Amino acid sequence: MNHSILATNFNRDEQKVNWHDKALWFVRHKRDTAVHEVKGWEELRSLASQIKANVLSNLDDYLMQFEARALSNGVQVHWAVDAEEHNKIVLNILKENKAEKVVKSKSMLTEECRLNPYLAAKGIEVVDTDLGERIVQLAKESPSHIVLPAIHKKKEEVDVLFQEHLGTKPCNGDPQYLTEEARKHLRRKFLQADAAITGVNFAVAETGDFVVCTNEGNADMGAHLAPVHIACMGIEKIIPKQEHLGVFLRLLARSATGQPITTYSSHFRKPRKGTKIHLVIVDNERSKQLGRPDFRASLHCIRCGACMNTCPVYRRSGGHSYNATIPGPIGSILSPGIDLKRYSSLPFASTLCGSCSAVCPVKIDIHDQLYKWRQIITKEVPQSFVKNRTMKIMGIIFSKPKKFRLIGKIVRWSLRNLPKALINSKPNIWGRNRDLPKGPLQSFEEWYKKRSENE
Ligand code: SF4
């Protein structure tokens, strides 16, 4: 199903759409306040963008350097070309360690690789420990936002869900009670876990360290209690030096939620005595994106979610309408690179207003890249008959001034004289929720000519 159909479904519940829109705008507003308090924010963004551009131009060297350092730290490093290999590697590590119960903190990469269903099919219990992720896991849904995975759910819905799965009492959506119950439930899972899986926010080439950022401390709790820690990262997560962390950590939390820093920014270097750390480094189409000059900058993304919070289309269509692991503006650039036909509607799910590019902490030219995908999709993916014909007709009208003036006259006359029921009839999708203005007596061109003559 394409984006517009799924967005229409989401829009059936108008109250929920308004609430979703407001909730995300609130986060966007918090981001603005936090950003304005940082002197030199724009310089920081430019610096981050330059560091990432340097990383992408020398990615092979940085990855090899990172691997060498990590190995010398006692971390076991694995390479996966795609999602299938990633999942097999994780499964083998779990089997080797006889691990049957796994706790997992937020990792969009493991979502992308569909790790949870893969492991479940092999008889392994995987419990997502980020509260939002646990909510969507219990609801058998996918995250609708990369930072706020359950933002599409109201607290009353979580109340019902927890009653069903955790045996809680009805509480009218009391967030305090629900969080405390989730904490108790997850605490048991942490204590029983044989292994912990985490994502990676930043991997430092010069030291072999990697950093995991969470607000709930769940990645730390999992990795510190279980004897085996498996960290999964995409190849683009590398940064050259420890000192660069200062740039990215300052940008990430402010852009994501308006916090000065994530509550836990945990650095992992070497396994504790008697424990193991495995690191799985995954390509999964990223090197293909690297080879596309127009889109390679999309690999700068640090997954802050700011482009989603600000996007008027995302806020009013919901993350699930993108039907992709990463929704919103950045997802609409990344997904067509994976499957052009399947995700061909996504680059059109944008007003191209540029708000996403304006807030992006690593200065990705998001709206330009969306526009570029549109050019490619229009050529390579068959469009609907109606869209094709309409665009052809529009092309003829706009390229012939005489025809343009004549059609303008007819449309203005129609808007003044035809009954509203006819103007807003079924084929006029635009008119379903909007009233078109009364047609003016003269065109702008005519008005301008007359005005110039009278001066
Ligand atoms: S594209 Fe930019 S704004 Fe969007 S999630 Fe990535 S870093 Fe954040």
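The legends below describe close-up views of a predicted model.

Local features are given where pLDDT is at least 70 and side-chain atom pairs where it is 80 or more, while totals for chains, interfaces and linings use all residues. Residues are numbered from 1 along each chain as its sequence is written, and side-chain values use heavy atoms, with hydrogens and water left out.

**View 1. The six-stranded open sheet.** The strands follow the order E1-E10-E7-E4-E2-E3, with parallel pairing. Helices (H or I, at least four residues) and strands (E, at least two) are DSSP runs numbered from the N terminus, and two strands count as paired if DSSP finds at least two bridges between them. Strand E1 (76–80) and strand E3 (125–128) are the edge strands, each pairing on one side only. On average, neighbouring strands of this sheet are turned by 20° against each other, direction ignored. Helix H4 (residues 59–72) lies across E1, E7 and E10 and runs at about 145° to E1. Helix H5 (residues 83–96) also packs on the sheet, where it touches E1, E2, E4, E7 and E10, and its direction makes about 150° with that of E1. Contact here means heavy atoms within 4.5 Å; axes are lines fitted to C-alpha atoms, for helices over the stretch in contact, and angles run from 0 to 180 degrees between N-to-C directions.

**View 2. Strand E7 and its two partners.** Seven of the seven residues of strand E7 (residues 228–234) are buried, so E7 is largely enclosed by the rest of the structure. Buried means under 20% relative accessible area, exposed over 50%, and partly exposed in between (1.4 Å probe, protein chains only). In a regular strand the side chains alternate between the two faces of the sheet. In E7 both faces are covered: Val-228, Ile-230, Cys-232 and Gly-234 are buried on one side, and His-229, Ala-231 and Met-233 on the other. Strand E4 (residues 195–198) runs parallel to E7 and is joined to it by four bridges. Ala-195 has Val-228 as its bridge partner in E7, and Thr-198 has Ala-231.

View 3. Strand E5 (residues 202–204) and strand E6 (residues 210–214) pair in the antiparallel sense over two bridges, with Ala-203 opposite Phe-210 in E6.

**View 4. The packing of helices H2 and H12.** The axes of helix H2 (residues 14–36) and helix H12 (residues 245–257) come within 6 Å and cross at roughly 140°. H2 and H12 are therefore oblique to each other; angles under 35 degrees count as roughly parallel, over 145 as roughly antiparallel, 65 to 115 as roughly perpendicular and the rest as oblique. From H2, Val-27, Lys-30, Arg-31 and Ala-34 meet Arg-254, Ser-255, Ala-256 and Thr-257 in H12. The residues of this contact divide into three nonpolar, two polar and three charged. Ala, Val, Leu, Ile, Met, Phe, Trp, Tyr, Cys and Pro count as nonpolar, Asp, Glu, Lys and Arg as charged, and the others, Gly among them, as polar.

**View 5. The shell around the ligand.** Of the 13 residues around the ligand, Cys-301, Cys-304, Gly-305, Cys-307 and Cys-360 come nearest. A residue is near a molecule or strand if one of its heavy atoms lies within 4 Å of it. The shell divides into 11 nonpolar residues, one polar and one charged.

**View 6. Loop residues.** Lys-270, in the loop between E9 and strand E10 (276–282), is exposed, with a relative accessible area of 54%. Leaving aside residues up to four places away in sequence, Lys-270 touches Asn-73 and Ile-277. Ser-107 sits in the loop between strand E2 (101–104) and helix H6 (108–112) and counts as buried at 4% relative accessibility. Asn-172, between helix H9 (155–166) and helix H10 (175–192), has a positive phi of about 60° although it is not a glycine. Asn-172 counts as exposed, at 69% relative accessibility. Leu-352, likewise not a glycine, has a positive phi of about 55° and is partly exposed, at 26%.
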